[in-house]
Amino acid sequence: MKLIKLSSLTFICLTFMLPQAKLYGQTHQKIEFPNVPGYQTLVTDLHQHTVFSDGSVWPDIRVKEALFDGIDVISLTEHLEYQPHQEDLPHKDRNRSYELAKEYAKNHELIVIHGAEITRNLPPGHSNALFIQDANKLIHDDYMDAFREAKNQGAFIFWNHPNWVGQNKQGITKLSPIHEELIKEGLLHGVEVTNENTFADQALTIANEHELTILGTSDIHELIDWLFDIPGGGHRPVTLVFAKERSELGVKDALFEGRTVAWYQNSLIGQEKYLTPLIESSLVVDTAYYQMYGNTKTQIAEVVIFNHSDATYLLNNQSDFSFYHATDVVQLNPQTSTTLSVKTVQQLSAFELNFEVLNAIYAKKKHPKIKLKINMDTNLNKLQKNYRR
Ligand SMILES: [Zn+2]
Ligand SMILES: [Zn+2]
C-alpha cells in the first residue's frame with residue numbers, strides 16, 4: 001500500500017518537474033507574441049472546464065495543456081449551477097477545481113486565477129467571474145445576487161459566448177435591457193468576441209460602444225489538442241493581456257482597463273490602440289538593400305522583415321510602390337523573415353511602406369493600418385549575377 005502511494009507520488013513529481021516534452025515531435029507549440037511598449041504581453045485562456053462541472057478531465061490536465069501551449073494565465077471556470085457529474089463527484093466545495101490547479105501549477109510560472117461561470121438562461125446568459133475569493137458564496141437563486149456577490153469579492157465579470165446558438169438560434173449577439181442594467185451597475189466588464197470555434201461579430205460592436213473588455217477563450221471541455229488541432233498547427237483562442245507586471249494583480253488591472261487583444265484562427269481582434277503596437281512590435285525590418293543585377297545596381301529594394309509573433313500576417317499594400325515578386329497582398333509567416341522586393345523607381349536612402357492588416361479587426365470590417373519605416377543599408381549591396389527567381 002505504501003509502495004503504491006510512493007510510486008504514484010514519484011510519478012506526479014516527475015511529470016510536473018521534468019522539462020516539458022514535445023508533443024508529437026513538434027518543434028513549436030508555445031504561443032508567442034512580443035511585448036509592446038510599456039507592457040508585457042501575457043497569453044491567457046480564462047474560460048475552461050474540468051470534471052468539476054461538465055468537462056471531461058481532471059484539473060492537472062488543464063495545467064499541463066497550458067504549459068505545453070506556453071499559456072501564462074488560466075482560469076478553471078466551472079459552472080456553478082450545472083453539475084452533471086454530481087452523482088459520481090459530490091461537489092460540496094466549488095473552490096476545489098481552482099485549489100487543485102493552483103497546487104499543480106505551483107512549481108511553474110503559470111498564473112492560476114480563481115473563477116466560476118454563473119450559468120443562466122439568456123438574458124443574462126452565461127458569465128464568468130474572475131478573481132473571486134469563494135465560489136460557494138456565488139450560488140444564489142437570483143442571478144443579480146450572484147453578480148453582486150461576485151462584485152463584492154472584487155471580481156472582473158464577462159459575458160460568455162454571447163452568440164451561442166444553444167441560447168440564441170440566430171447566433172446574433174444582442175444587448176438586452178438586463179445587460180444594460182448589469183453594465184450600469186458595474187457588474188459586467190467584458191465580453192467574449194470569440195469562444196471555442198465561433199466569432200461573435202456583433203459582440204465586438206457592443207464592446208466598442210459600451211467600453212467592455214474584449215476577450216477570446218477556448219471554453220475547453222475535452223482536450224485542447226483535439227479540438228483545436230494543435231498537432232496540425234492550430235491554436236486555441238486566447239486573450240493577449242498587456243500587463244504592467246507578470247502577476248495576478250497585473251492581469252486584473254489590465255482586464256479592468258481593457259488592455260487586451262483576442263487571437264482566434266489567426267485573426268487579432270481588439271481596440272485599434274492595442275492592435276497597432278502589437279503588430280508594430282511583431283514586424284521588425286531586419287535589413288534593406290538595393291539588389292544588383294550583374295554589376296549594375298537596380299532600383300529594387302530588398303526589404304527583409306522578421307515576424308516576431310505566432311500570427312501569420314496578411315498585409316494589403318497601400319503604398320504608392322508596388323512589388324517585383326508579389327501582388328498587393330503579402331503574407332508574413334510566423335517567427336521567420338520574409339523578403340519584399342519593392343520597386344522604388346529611383347534609389348532612395350529611406351522610404352515608408354503602408355499596409356492594411358487584413359488578419360486584424362477593431363470594428364465591423366475595419367482593419368488597422370501600419371507604417372514600416374525602411375532605411376536602406378548601403379553596405380549591404382548584394383552582388384548577384386543573373387538575378388532572377
Ligand atoms: Zn457557458
Ligand atoms: Zn463555459
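**Strands, domains and helices**

Guide: Phe323 sits opposite Val342 of strand E17. This is a predicted model, where local features need pLDDT of at least 70, side-chain atom pairs count only at pLDDT 80 or more, and totals for chains, interfaces and linings use all residues. Residues are numbered from 1 along each chain as its sequence is written, and chains are lettered from A and ligands numbered from 1 in the order in which they are written.

Visitor: How do E15 and E17 pair, and over how many bridges?

Guide: E15 and E17 (residues 336-343) are antiparallel, with 2 bridges. Two strands count as paired if DSSP finds at least two bridges between them. Strands are DSSP runs of E with at least two residues, helices are runs of H or I with at least four, and numbering goes from the N terminus.

Visitor: Which sheet has E15 in it?

Guide: An open one of 4 strands, ordered E12-E13-E17-E15 and paired antiparallel. E12 (283-293) and E15 (322-323) are at the edges with a single partner strand each, so one side of each has no neighbour in the sheet.

Visitor: And what's the order in the sheet with E16?

Guide: That open sheet of 4 strands runs E16-E14-E18-E20, again with antiparallel pairing. Its edges are E16 (329-332) and E20 (369-375); each has a single partner strand, so one side of each is left open in the sheet. On average, neighbouring strands there are turned by 40° against each other, direction ignored. Axes are lines fitted to C-alpha atoms, for helices over the stretch in contact, with angles from 0 to 180 degrees between N-to-C directions.

Visitor: How many bridges join E18 to E20?

Guide: 7, between antiparallel strands, with E18 covering residues 350-357. Ala350 faces Asn375 of E20 in that pairing.

Visitor: Switching topic: where are the domain bounds?

Guide: Domain 1 is 30-270 and domain 2 is 283-375; the bounds come from an automatic or database domain assignment. Their centres, taken over C-alpha atoms, are 36 Å apart. Domain 1 puts 15 residues into the contact and domain 2 puts in 11 residues, where contact means C-beta atoms, placed from the backbone, within 7 Å.

Visitor: Which elements of domain 1 supply that side?

Guide: Helix H6 (201-210) and strand E11 (267-270) each give at least two residues to the side touching domain 2. By class, that side of domain 1 has 7 nonpolar, 6 polar and 2 charged residues. Nonpolar is Ala, Val, Leu, Ile, Met, Phe, Trp, Tyr, Cys and Pro, charged is Asp, Glu, Lys and Arg, and the others, Gly among them, are polar.

Visitor: What does E11 pair with?

Guide: E11 runs parallel to E19 (residues 360-361), with 2 bridges, and Ile269 is opposite Ile361 there. E11 also pairs antiparallel with E10 (residues 260-264) over 4 bridges. E10 and E11 make a hairpin with 2 residues between them, and Gln265 in the turn has a positive phi of about 45°.

Visitor: Last one: at what angle do H2 and H3 cross?

Guide: Roughly 45°, with the axes of H2 (residues 59-69) and H3 (residues 96-104) coming within 8 Å. That makes H2 oblique to H3, given that under 35 degrees counts as roughly parallel, over 145 as roughly antiparallel, 65 to 115 as roughly perpendicular and the rest as oblique. Pro59, Asp60, Arg62 and Val63 of H2 meet Ser97, Leu100, Ala101 and Tyr104 of H3.

How values were computed:
Two residues are in contact if their C-beta atoms, placed from the backbone, lie within 7 Å.
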